[in-house]
Amino acid sequence: MDLPELKNEIKKTVLGMGASLVGFGSRNRLAQAPPSGNMDYCLPGAQSCIIWAYAAPIEALKAYFTKVERTSIKQYQYFAYTTAWKTAQEIARLIEANTTYKAFPVVPNARYRGNKPGKSVSYNTLFSIDIAYPDFSLRYGAVAAGLGQLGWSGNVVTKEHGGAVFLGGVLTTAPFDADPMAEKNQCNKCKLCVQACTTGFFSMDETGPPVIIGGIPQVPSKRHTIMRCGFGCAGFTGLSKDKKWSTWSPGAVCVADIPEAEMRKRVTKIKIFWNLLFSPKTRRAHRHFYLRIKNSFMCTGKSGNVALRPLEETNPRCGFCSLICVADPKQRKDLFASLVQSGRVYLDDQGNEIVKKVDVTGKETVTIPSTS
């Protein structure tokens, strides 16, 4: 099978396994990218990256942002990550079975570079560092493969689905022809990604270092210490600055209020963690809740592959920065309006998640959403 024929077969296979977008990028396009754009780290001599995307369903997103339920997005996230990994293994097999070239399936998430190739950083180490690099950045690969460009949040934004996508990919030494890069950056700088983040991970006004892919500078916002995102994404914290709404976390701590210089200190991050899990001031139901999160968090970290996480341990509680970024700007605004009116998550004495919100008349309502 020649490479053009194989390329068509790969695209057909990827789309047939559930992805909605797929593209091919080249080594040259990533030559000026940051370290995680270096394909040699995973596969020495790699010449091409094949990247695909799964679009989060809008109805699931509406339910997630309104806090009606998070079961739908949970099931889709599980599908996307597990399917991304299965597809990556299948495409790698397809390449090596039909050519003399090598292929490397990329872990879709939860794997960060350790001290040497092949070794993943431990999650405990994240308390001591301010930035972590994946073995290979699927976001950078997606830009090189023509799926989109980086938005203000640093997530890839596609024309078809915005930034509300999950990515998968394969690296290969096969020199496939690259697909055309996206001509226009679909990010309109609405910065709802920043407003939807309760941890202060992104800057509203400052830009980070430009990311150059295919000669095109991508200029995302300045990011702060990674454990801001770690606390929020895992569900340890998630309270908005005005204390009126939260992520899907009952953590009544707003780490966005903590100055960055303080938040970068290892002792500060450990103190937040200790208070949540062990402080006698923390209710018993909350301590059990945070312990479950910790065990799930560490389990994923040990495997170094989110695709190996079982469905029962798949519990999305944030991810708003990417999930709010749907393609339609009006729907994006509607999702944010739903979020700020969605109320806060609490735990009852049995540890069940409940949602309390106050309407414009001051009336409080309490609901028990579907979470499993």
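User: Why are α2 and α11 called roughly parallel?

Analyst: The axes of helix α2 (residues 58-66) and helix α11 (residues 329-340) cross at roughly 30 degrees and come within 7 Å. Angles under 35 degrees count as roughly parallel, over 145 as roughly antiparallel, 65 to 115 as roughly perpendicular and the rest as oblique. The pair α2 and α11 is therefore roughly parallel. Axes here are lines fitted to C-alpha atoms, for helices over the stretch in contact, and angles run from 0 to 180 degrees between N-to-C directions. The model is predicted: local features need pLDDT of at least 70 and side-chain atom pairs 80 or more, while totals for chains, interfaces and linings use all residues. Residues are numbered from 1 along each chain as its sequence is written, and side-chain values use heavy atoms, with hydrogens and water left out.

User: Which residues of α2 and α11 meet, and how do they divide by class?

Analyst: From α2, I58, L61, K62, F65 and T66 meet Q331, L335, S338 and L339 of α11; contact means heavy atoms within 4.5 Å. The division is 5 nonpolar, 3 polar and 1 charged. Ala, Val, Leu, Ile, Met, Phe, Trp, Tyr, Cys and Pro count as nonpolar, Asp, Glu, Lys and Arg as charged, and the others, Gly among them, as polar.

User: What makes α1 and α3 roughly antiparallel?

Analyst: Helix α1 (residues 3-16) and helix α3 (residues 71-98) have axes that cross at roughly 160 degrees and come within 11 Å. That angle puts α1 and α3 in the roughly antiparallel class. Their crossing is right-handed, a word used if the near helix is turned clockwise from the far one by less than a right angle, with left-handed for anticlockwise. L6, E9, I10, T13 and V14 of α1 make the contact with T87, E90, I91, L94 and I95 of α3. By class, the residues of this contact are 6 nonpolar, 2 polar and 2 charged.

User: What is α8 to α9 in terms of direction?

Analyst: The two helices pack with their axes 7 Å apart, at an angle of about 125 degrees. That angle makes α8 oblique to α9. F273, L276, L277 and F278 in α8 meet R287, Y290, L291 and K294 in α9. The contact of α8 with α9 has 6 nonpolar, no polar and 2 charged residues.

User: N275 is also in α8. How do you know whether N275 is buried, exposed or in between?

Analyst: Buried means under 20% relative accessible area, exposed over 50%, partly exposed in between (1.4 Å probe, protein chains only). N275 has 31% relative accessibility, so N275 counts as partly exposed.

User: Why is α6 described as largely enclosed?

Analyst: Helix α6 (residues 226-234) has 9 residues, 7 of which are buried, so the rest of the structure largely encloses the helix. The buried ones are I226, M227, R228, G230, F231, G232 and A234. They pack against α7 (260-263), α8 (266-278) and α9 (284-303). Just after α6, G235 has a positive phi of about 105 degrees. As for the labels, helices (H or I, at least four residues) and strands (E, at least two) are DSSP runs, numbered from the N terminus.

User: What makes β1 and β3 the edge strands of their sheet?

Analyst: The sheet is open, with 4 antiparallel strands in the order β1-β2-β6-β3. Two strands pair if DSSP finds at least two bridges between them. Both β1 (21-26) and β3 (103-106) pair on one side only, and these are the edge strands. The twist averages 20 degrees from one strand to the next.

User: How many bridges join β2 and β6, and which helices lie on these strands?

Analyst: Strand β2 (residues 48-55) pairs with strand β6 (residues 165-172) in the antiparallel sense over 8 bridges. Within that pair, W52 stands opposite G168 in β6. Helix α1 lies across β1 and β2, at about 140 degrees to β1. Helix α3 packs on the sheet and touches β2, β3 and β6, its direction making about 150 degrees with that of β2.

User: Which strands form the sheet of 3 strands, and how many bridges join β12 to β13?

Analyst: This open sheet has the order β11-β12-β13, with antiparallel pairing. Its edge strands are β11 (344-347) and β13 (364-367), since each is listed as pairing on one side only. Strand β12 (residues 353-358) is joined to β13 by 4 bridges, and K356 stands opposite V366 in β13.
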